[in-house]
Amino acid sequence: MSISNTTENTDTVTADHDHVIIFDTTLRDGEQSPGASMNLEEKLRIALVLEEMGVDVIEAGFPIASDGDFECVHQIAQTVKQSTVCGLARATKGDIDRCAQAIKPAASGRIHTFIATSPLHMEYKLMMEPDAVYQAIIDSVSHARNFTDDVEWSCEDGSRTDHDFLCRCVEAAITAGARTINIPDTVGYAMPEEFGALIAMVMNRVPNIDKAVISVHCHNDLGLAVANSLAAVSNGARQVECTINGLGERAGNAALEEIVMALRTRSDLMPYASRIKSEQIMRASRLVSTVTGFSVQPNKAIVGANAFAHEAGIHQDGMLKHSGTYEIMTPESVGLNESKLILGKHSGRHAFSEKLKELGYDLGDNAIHDAFKRFKDLADIKKEVFDEDLIALVDDEVVRANDHIRLKTLEIICGNVHAEPKATLSLDIDGQDMSCSATGDGPVDAAFNAIKQLFPHNATLKLYQVHAVTGGTDAQAVVTVRLEENGRSVIGQGANTDTMVASVRAYVNALNRLLIKREKKAPDVISA
Ligand code: KIV
Ligand code: ZN
């Protein structure tokens, strides 16, 4: 066994490396995570970052799901030029027509149509006989080909599908015109060896397989999504479907950053390269985390806060002698640069916007103006402003760009000399100033009760969490809340040096997201 070469390989696509197509589904499967919701502006921002990062295919949404989803796919198709823009459609004429309309403006557009092929799904979910499913595959792929040459077909629950039937369906989809055949492990059930063998079986048995690219789409229910995807690549798959931070239904999808860095770091064993500019990974990870409100666990591979931290003395000693002792890839290769002390209260707007660019933000004039004002306020309160502070501050600004409800003022009376904590709050709701006072079991409860008075709703609070961005008692607090209403859940975040202000901003942010979610059809009406 040779694992001696821990020097990072910095190849992108080279002549002797097969290319693996990176298909990002953060905006579609990622958005299906319970609690995750993104508005058009946020999706567009993520799409542009994915494009700049070198993602080959961006699955921008499920156009039939709602007018909002349609609009997102349509606008992304209009804006993105370097990546193929893809929309998802079930195997029906209505879904495919709507999807075709949504991707029409794309420089390169793809229709991704799917139907379940496992016995369990066909019998209980679709209530269709295998022959009818087989015919639906031919009809849907042929219909999609009327709009574009670039059609992808997926056999939902592919890893639990009968092999003979799977091969028949794949062959029929290719004959009908599918150029990409995606084999999903929809429920995250497969084991790496087994999944690799499944891909090898399809490669060996389907007679026209050379006319299509084999893709895989693995869910992470057993924590094996990345391992299964890599096993598939070793056996002939040349497209991997994945999401930033591994976002996705239930336990999520294969994490893009892990796939890309595994291919790059272990190119000795896996001579396949992606086109991803890995230095942009952290930027994409941060943006997705901010927009969705899903924090990245500290020990998450590649993008977790501790992924490149060395605490144990023996490790630190080794690192000082040679970084290769404990580091198999450099932090810089994923866009992680050392946290530096940054601007102070005397810094000007120019230095501020340059710093934002360095951190990967490209804000419009209005957003820079608002963020700069908040930075000045922060620099007045906080002696030392770090990159992390700035990221929290700007992210907090960015997520509020299109809010219907905004916090104006908040005053709290609490402590052990007052009988009951009291919050006096004013909100701007669609341009109208409204204020009230409310009491509660504690200051947070009082503030949230005041919000409910001004904007009545039935959502229940399922999670309230606070963490400090940096050390010190003057650190900014980032508060995360999760609200649930009629089976829909949303996450909101807020940052401020005042934990109560951060709490109200987080709750208001979640309410704004709930308003977006209310526009979508009930979760059980549309499912993929
Ligand atoms: O998990 C799955 O099977 C899917 C398909 C629609 C590709 O998301
Ligand atoms: Zn999926």
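The following legends describe close-up views of a predicted model. Local features require pLDDT of at least 70 and side-chain atom pairs pLDDT 80 or more, while totals for chains, interfaces and linings use all residues, and side-chain values use heavy atoms, without hydrogens and water. Residues are numbered from 1 along each chain as its sequence is written, with chains lettered from A and ligands numbered from 1 in the order in which they are written.

**View 1. The surroundings of ligand 1.** The residues around ligand 1 include Asp-29, His-112, Glu-156 and His-217, where near means a heavy atom within 4 Å. By class, this shell holds two nonpolar, six polar and three charged residues (Ala, Val, Leu, Ile, Met, Phe, Trp, Tyr, Cys and Pro count as nonpolar; Asp, Glu, Lys and Arg as charged; the others, Gly among them, as polar).

**View 2. Side chains facing oxygen atoms of ligand 1.** An N or O atom in the side chain of Thr-186 is 2.6 Å from an oxygen atom of ligand 1. For Arg-28, the corresponding separation is 3.0 Å. A polar side-chain atom of His-219 also lies 3.0 Å from a ligand 1 oxygen atom.

View 3. Eight strands, paired in parallel, close into a barrel in the order 2-3-4-5-6-7-8-9; strands are DSSP runs (E, at least two residues), numbered from the N terminus, and two of them pair if DSSP finds at least two bridges between them. Strand 2 (residues 21-24) is joined to strand 3 (residues 57-61) by two bridges. Phe-23 stands opposite Val-57 of strand 3.

Note on methods:
Polar contact = N/O pair within 3.5 Å; in protein donor to acceptor, adjacent residues only side chain to side chain. Helix = DSSP H or I, 4+ residues; strand = E, 2+ residues; numbered from the N terminus.
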